[in-house]
Amino acid sequence: MLKKLMKAFPYLLLSLMVSFLLAGLDAVVTKKMLGILDFALKGNIQEVKSQTPSLLAGAVLLVPLGIAEAITGNFYRKRVNLNIKNYYIDKVFGKNIREFQKENNGRYLSAMTNDFNTLETNLIMGIYMVGRAAINFLAGMWLLSTVDYRMILFAILIIAVNLTISFLTSKPMKKNYKERSDLFDGYTSYIKEVLSAFHIVKNYNLQEKVTQDYYQKSEEIQHKGFIIDRMMSFVNASQNFFMNGSFYGILCGIGYLAVIGKITAGGLIVIMEGINRMTFPIFDLAENLPKLFTAGDLIQKIEESLQNADSYEETVELKEFESGIEFKQVGFHYEDDEKQILNNINLTLKKNGKYLVVGPSGGGKSTFLRLLRKYVNPTEGKILIDGYNMMDVKKEDYFGLIANIEQQVFLFEDTVRNNITLYKEYSDEEIMKAIKDAGLSDFVNRLPEGLDSIIYENGKNISGGERSRIVIARALLSKARILFMDEAFASLDMERAKEIEKTILGLKDITVINVSHVIFQDTKSSYDKVITIKGTSDIMVA
Ligand SMILES: Nc1ncnc2c1ncn2[C@@H]1O[C@H](COP(=O)(O)OP(=O)(O)OP(=O)(O)O)[C@@H](O)[C@H]1O
């Protein structure tokens, strides 16, 4: 992530260069203006006249520079935000399917909203604000040094104290920011779950329980925010106290120098201006430096959530499925559970064969499919595909050869066409054939705009059966070599399910592995094998 942030560094540099020019020119204009004041007080009108045009030119140039500063600053902010957001979503989709499924994806939502907001304020804008504040502070310091170079010592002292306070307070701040981010993870997951179970909450009258839980979680987060704000107030108050004390001391000093005639009226105003210019940047530094120090931990937390725990290197490229899949003494248990789910499976699935997988609930059918889909690897024995160990086959190659039809259907809010083609190029004939084979022709013909009709929000304007058939058409069109079906007929009426099953069993160039509770006696015999999975050590092939 840091690399992505560094990519936006040129934009930050450009913007700070503009700030530098602006602050520098502003200081020069101020200095010149007060020099002219001194000449005027001395009655040197000639000098006043000769210096006024360059003063006005400088003052006019401040306007475009001010606009350029705002534009370049905003551009930097836009670039860097887009960079890290692209990086993040890229990495999320680089996660292994199984690892992603195991986690609560609320943490990703929380990272994309809460953590990114904190990063934007603390790091992205933090760096920019600190850079700009440092430049303006330097400009103020330069103004002071034109009257008396010893003023530089005063500026260095202020910076040193500021940095020390920021550094000392950064440790507890980091801890609190990290804890707040963890609380946000739980909070976002909770809201996501509760909203998706809206009808259950209403049907079972759980509003009161949900409201109480929500209040408690909100309270924890608000309290953590309160602690962070309280710490920030303490940091700011101590820095303000030190700085105000120093400024008053300096004011007394320069007042005395003015009274004894060591500083001119212009010089006096230059010093006041210089101090004034250093004040706001110092407050910006005081506010942003401690936050900046906390950003590292947040980045680390986000990076850790994006790592795949399984870093096994897959070396085999597999562009075509040639002969078959072989289970050799395969056993499996889930990593967080010692219970053996599958044991000593020896089985061959031939290319273009049609297999029905049946068995009691909890027998291990889905686990068997997970192994075949390469979501998990066997804990004993091995699965070979065309003679290669499946574990070594590159995921992206294998996923390119398979299609999945599941009970839970995901549809994009887009046209029927795009939902079937999944944004890949196919001819109209190919699409229409897949639609016919999936039993979708009547549905598409009924739609006012045919294939270009829109499916809304995960298919809320179409029936469960139509949804399933869209996914079946999707799988048929993708010309996958292996089709995994997981209770694909569960939401179809019997006639329609039988019809689609017949179509799929009639397809010559595809291997079908169908896990189903819905078994039709008249189509059962069309399968090459019926595999019964009934828990450990019990796998029957008929
Ligand atoms: N992620 C998991 N971690 C630990 N155990 C699991 C996990 N998923 C499933 N199991 C266990 O594995 C066993 C087999 O589950 P699986 O889902 O494979 O069965 P199934 O035959 O598909 O069941 P059903 O027909 O009810 O969907 C069950 O005892 C289940 O509790």
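Residues are numbered from 1 along each chain as its sequence is written. In this predicted model, local features need pLDDT of at least 70, side-chain atom pairs count only at pLDDT 80 or more, and totals for chains, interfaces and linings use all residues.

Two packed helices are described by the angle between their axes and the distance between the axes. Axes are lines fitted to C-alpha atoms, for helices over the stretch in contact, and angles run from 0 to 180 degrees between N-to-C directions. Helices (H or I, at least four residues) are DSSP runs, numbered from the N terminus, as are strands (E, at least two).

Helix H2 spans residues 9-42, and helix H5 spans residues 106-147. They pack at an angle of about 25°, with axes 9 Å apart. H2 and H5 are therefore roughly parallel (angles under 35 degrees). The crossing of H2 and H5 is right-handed (the near helix is turned clockwise from the far one by less than a right angle). Residues of H2 that meet H5 include Leu 12, Phe 20, Gly 24 and Lys 31. On the H5 side, Tyr 128, Gly 131, Arg 132 and Trp 142 are among the partners. By class, the H2 contact with H5 holds 11 nonpolar, seven polar and three charged residues. Here Ala, Val, Leu, Ile, Met, Phe, Trp, Tyr, Cys and Pro count as nonpolar, Asp, Glu, Lys and Arg as charged, and the others, Gly among them, as polar.

H5 also packs with helix H3 (residues 45-92). The angle is about 145°, and the axes lie 11 Å apart. This crossing is right-handed too. Tyr 128 of H5 is one of the residues that meet H3. The H3 contact with H5 has nine nonpolar, two polar and two charged residues.

An unreviewed UniProt entry places the feature "transmembrane region" at residues 55-76, 123-145, 151-170 and 247-272. Residues 55-76 are 100% helix, with end C-alpha atoms 31 Å apart. Residues 123-145 are 100% helix, and their end C-alpha atoms are 32 Å apart.

Helix H10 (residues 365-372) has six of its eight residues buried, so it is largely enclosed by the rest of the structure. A residue is buried if 20 or more other C-beta atoms lie within 10 Å of its own, with C-beta atoms placed from the backbone. Arg 370 belongs to H10. Arg 370 counts as buried because it has 21 C-beta neighbours inside 10 Å. The C-alpha atoms of Arg 370 and Arg 98 are 8.7 Å apart, although 272 residues separate them along the chain. Just after H10, Lys 374 takes a positive phi of about 70°.

How values were computed:
Parallel < 35°, antiparallel > 145°, perpendicular 65-115°, else oblique. Contact = placed C-beta atoms within 7 Å. Buried ≥ 20, exposed ≤ 12 C-beta atoms within 10 Å, placed from the backbone. UniProt positions renumbered as here; feature names shortened; annotations may be inferred.
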